[in-house]
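Here is a friendly briefing to keep beside you while you look at the model. Take a moment with the picture, then read on.

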Amino acid sequence: MSALLIAVPLLIAFLFVPLKNKIKYILPFVALFSLILILKLPIEQVNFLGGWKAPFGITLVLDNSSYYSLIVVNIIFFLLSLIPQIIEKDLSLIFLILMASINGLILTGDLFNSFVFLEITSVAAYILSSSKRNYYGAFKYLILGSIAGAFYLLGTLYSYIGTGSLNLADISKNINSEFLAVVPILIFIGLAVETKIFPLAGWVPDVYASGSALTPAILATGVTFSMMYLFGRIFITVFHGEFLNVVYIFGLITVVVAELSALKQDNLLRALSFSSIAQAGLFLSVISMNSYESLTAGYFHLLNDITAKFVLFIIAASIGKSFIKNKTTGIAFSIASFSLIGFPLFAGFRSKLLILKTAFLNQNYILPIILLFATIIEIAYVLRWNIKLWYPDNILPQEKEKTQKLSWNVNLILLIVALVIIVIGFYPDIYLKIAQNIASGLTNYRAYVTNVLGGM
Amino acid sequence: MVYYISFILIGIGIYGFLTQKNLFKHLISLTIIDTAINIFIISLGYISGEEAPIYSKYTPIANFVDPLPQALVLTAIVIGVGILALGVSLLIKVYEKYGTLDVEEIVAKEGK
């Protein structure tokens, strides 16, 4: 059943190639179909493709963590499909392909299969990022992403040499210290481009700040979330937390460098993309503490971050230089940006508090220092951008004429998401439940192995 | 022995990225790395003196090389070709927009 999540969007994408202009109206139905299908699927179900048993064939694993990740990603796709204004005509097909490949990336229980889905996701992302004539940024992304893909493939092959298997559960069972020296490094380089680790995140501002609203709205939310899920799956379930101390240091460096660069930007989209890099670094350093509590805190923070970034990127890309004509949009922007800096009463505050609590429980004092330092810088630039957009100075009258009012459905969806941020600020249980389920699925690797390979 | 060839090729590819300023040469470096990894995959499954993994009446004893890497390399080649095609089409667009493929000239034109 779960294979339908991959097959249906792909099939519709290929069937509607001759009707490119009509595909826009089908997107919401496809997204809604996947969402309903996921909610109907039973958890703890393993799908053997072609009837081959676990270590030999490709498996699609639906456990606690992949189930809730699928729900999050598909809700994002559904929300985006309800705003057809930001989806350019030719990109609807790519939207469907991205949907199929991300569902596959989350479901798959096979390392080589995850490489294939990673490459499909990247190719769809390259095409998305070339919109608005941003060809040079897209080419840079293509080169970096493909080298990373090559390293990921090399890591996959080394784990095949080391364990004689490509199945994640089988690798997790047969893991030995000899091959652990090389595989995590290669796979870390492979995932570092998509998870936006500092030395390999140079493509992010060029791609996110192209001026298209869809590109950052989908890459910074859905794609980032699925990559973070894959990162947790590989490094925590399969490698049992090996190599995470290196990830921790890279994460902290990423936070500091990205926040300082965000402060310097004079383009809102570029500032937001650097903030996105910083949050990714923070997330990775939090989950590197490798406990159930830290994973819960990390995924909770990631959920809050993608909710805020969804609103921020769409508004930043589609609005002109001020909120004069779009007051409601401005309110949504302010709510999301306050959540981003962790202002009390907003969702971001809850998750930052939880991260601090977890770090102190683990007797880790460097992460809180970096987090508070980053928060101070965030406050500086977020407040500056809010003031700049609410009270614009020296704006020309003809520019004021040019800024258009956003249409009602964009405003409605942005306001609903902004409302969710406030609700989560008061009742964090909904997001906490998702985060806890993902964390328990990732940390409990024995249950994962028995689930996939059968009672052994 | 074949391992060394693939690692030398990966080294050449990375050297190309770090030193070349022409975007087309970056794409060629990428192809070199892809080829190197494909050679590496093929060399994984090779066992000296064994036969091709096709079951027939001429091979009553299944003395086969490992067939899995051959399945993997097919997929890897297809993905590599797809990315190469996408990269070349992006480069055509880059050339139409900037009139050059030199990194420094493009950065100078972007900055304007």
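In this predicted model, 26 residues of chain A and 34 residues of chain B take part in the contact between the two chains, where contact means heavy atoms within 4.5 Å. About 2,700 Å² is buried between chain A and chain B, and carbon and sulfur atoms give 86% of that; buried area is the accessible area (1.4 Å probe) that two parts lose on being put together, summed over both. A:Tyr135, A:Tyr136 and A:Phe139 supply 27% of the area that chain A buries against chain B, more than any other three residues.

**Chain A**
- Chain A holds 21 helices and 2 strands, counted as DSSP runs (helices are H or I, at least four residues; strands are E, at least two) and numbered from the N terminus.
- Its radius of gyration is 21 Å, close to the 23 Å that the globule rule gives for 456 residues, so chain A is as compact as a globular protein of that length. The radius is taken over C-alpha atoms, and the rule is 2.2 Å times the number of residues to the power 0.38.
- Of the 456 residues in chain A, 64% count as buried, that is, under 20% relative accessible area (1.4 Å probe, protein chains only).

**Two lysines to look at**
- Most residues other than glycine have a negative phi.
- A:Lys132 has a positive phi, near 60 degrees, and is found in the loop between helix H5 (111-129) and helix H6 (135-163) of chain A.
- A:Lys196 also has a positive phi, about 65 degrees; this residue sits in the loop between helix H9 (183-192) and helix H10 (203-208) of chain A.
- A:Lys196 is buried, with a relative accessible area of 1%.

**Chain B**
- Chain B has 4 helices and 0 strands, and reads α-α-α-α along the sequence.
- The radius of gyration of chain B is 20 Å, well over the 13 Å that the globule rule gives for 112 residues, so chain B is more spread out than a compact globule.
- The C-alpha trace of chain B spans about 70 × 25 × 15 Å along its principal axes.
- Of the 112 residues in chain B, 33% count as buried.

**How to read the numbers**
- Residues are numbered from 1 along each chain as its sequence is written, and chains are lettered from A and ligands numbered from 1 in the order in which they are written.
- Local features need pLDDT of at least 70, side-chain atom pairs count only at pLDDT 80 or more, and totals for chains, interfaces and linings use all residues, while side-chain values use heavy atoms, with hydrogens and water left out.

How values were computed:
Buried < 20%, exposed > 50% of the residue type's maximum accessible area, 1.4 Å probe, protein only.
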